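I set out to record the fold, the overall dimensions and the surface of this protein. My entries follow in the order in which I looked things up.

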Amino acid sequence: MIRAYRLYTGSEGNSHVVKGSVGENKLVEAETIHFKETPAHSSYEWHNDPIPQYVITLAGVLEFTTLGGETFTIYPGDVLLAEDHTGSGHKWRLINDDPWKRAYVVFKTGVDTQFVPDPK
């Protein structure tokens, strides 16, 4: 399985994170893919994700934080399922000396993202 983190907006309006994975060998219908690079030592303050998407980290190590204090670290090869489109949002910062290179995969509306939460 591929390690993944799901960022979503809870009923109280705050962003939360769930650790899990995405299924291998399963197709997920996508509309677009695009790539982005951010310089090393960058950060981005409180924001929401604009659309449902996978953010696949190719290089860089990031620490994400929610307003409620939940934190998690993304490494190259990890997948972020970005679904916190409203509410308090999240922030991130690069914590190593590499730029953040990533691919954004935007889903078709209503698609099964194949995210599987870890057992509690």
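**Secondary structure.** I worked from a predicted model. I counted 11 strands and zero helices in the protein. Reading from the N terminus, I noted the order of elements as β-β-β-β-β-β-β-β-β-β-β.

**Dimensions.** I next asked how the radius of gyration stands against that of a compact globule. For 120 residues such a globule would have a value near 14 Å, and the protein has 14 Å, so the two agree. Along the principal axes, I found that the C-alpha atoms fill a box of roughly 35 × 30 × 25 Å.

**Contacts and burial.** I looked up contacts between residues at least 6 apart in sequence, and 75% of these join residues at least 24 apart. I then took the buried fraction, which is 42% of the 120 residues.

**Surface.** I recorded an accessible surface of about 6700 Å² for the protein. Carbon and sulfur atoms account for 52% of that surface.

**A nonpolar patch.** Which residues make the nonpolar surface patch of about 340 Å²? I listed Ile 33, Phe 35 and Leu 58 as its members. I followed up one of them, Phe 35, and placed it in strand β3, which covers residues 30-38.

Key. Residues are numbered from 1 along each chain as its sequence is written. This is a predicted model: local features need pLDDT of at least 70, side-chain atom pairs count only at pLDDT 80 or more; totals for chains, interfaces and linings use all residues. Side-chain values use heavy atoms; hydrogens and water are left out. Patches are made of residues with over 30% relative accessible area and no salt bridge: like charges are joined within 9 Å, nonpolar side chains (Val, Leu, Ile, Met, Phe, Trp, Tyr) within 5 Å. Accessible areas come from the Shrake-Rupley method with a 1.4 Å probe; for residues, only the protein chains shown count as cover. A salt bridge is a side-chain nitrogen of Lys or Arg within 4 Å of a carboxyl oxygen of Asp or Glu. Helices (H or I, at least four residues) and strands (E, at least two) are DSSP runs, numbered from the N terminus. The radius of gyration is taken over C-alpha atoms; the globule rule is 2.2 Å times the number of residues to the power 0.38. Buried means under 20% relative accessible area, exposed over 50%, partly exposed in between (1.4 Å probe, protein chains only). Contact means heavy atoms within 4.5 Å.
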